[in-house]
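I opened my notebook to look up pockets and helix packing here. My notes follow the structure.

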Amino acid sequence: MTCQTYCLFVLSVIMIYFGCSGSALFLGQLQNDIDKLKADFNASNSDVADGNPVFIEKVKNWTERNEKRIILSQIVTLYLEMLKKTDMSKPHIKNLSEQLNTLRNTLSNDYKKFRDLVELSNLQLTGLKIQRKAVSELFSVLQKLVKTSTSKRKRSQSPKRCRC
């Protein structure tokens, strides 16, 4: 599948996922708009089936709800960037952009978490000053890691109650 078709598919998944959580999205209208967008991108072209999905596989790797919100916040931002490069005068593209902006606003904290991950991955630990700072924080980081691991283990070991 091409990038556009998988992007459109994941867009549908995102809309449904957040539409179920109380968002004011009109899924019927959005599906109609997405169908029009598929036509704009010629998403029925045979090369769409080639290769791996663009987003779906990445979303599968994130299992917890809060984790998924982090990755989905980035995916929503990528869709908005993609739509900005299209003809924004078309009503269906304008509507999708507005709805995605609404979603992005509800995911703003999650997007900040994603940016923190990107910032950490780009952090250069070559300078002596930053290495000193990192070493001075090492014990605190390890404490947080142990505390997080312990609390998750306690929750998973707690007996399950019957909700009969």
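**Pockets**

I looked up which helix gives most to the largest pocket: the largest share of its lining, 4 residues, comes from H7. I'm working with a predicted model, where local features need pLDDT of at least 70, side-chain atom pairs count only at pLDDT 80 or more, and totals for chains, interfaces and linings use all residues. Residues are numbered from 1 along each chain as its sequence is written, and side-chain values use heavy atoms, with hydrogens and water left out.

Helices here are DSSP runs (H or I, at least four residues), numbered from the N terminus. Helix H6 (108–121) and helix H7 (128–157) each supply at least two residues of that lining. I listed Asp116, Leu117, Leu120, Leu123, Leu125, Ile130, Lys133, Ala134 and Glu137 as lining the largest pocket. A pocket is an open set of points on a 1 Å grid over the protein atoms alone where a 1.4 Å probe fits, with protein on both sides within 12 Å along at least five of seven lines; lining residues have an atom within 4 Å of a point. The largest pocket holds about 300 Å³ of space.

Next I checked the second largest pocket, with about 150 Å³ of space. Val141, Lys144, Leu145 and Thr148 line this one.

**Helix packing**

I then turned to H2 (residues 27–40) and H5 (residues 91–106), whose axes come within 9 Å and cross at roughly 125 degrees. Axes are lines fitted to C-alpha atoms over the stretch in contact, with angles from 0 to 180 degrees between N-to-C directions.

Methods: Grid points are joined across faces, edges and corners, and a volume is the space filled by probe spheres set on the points.
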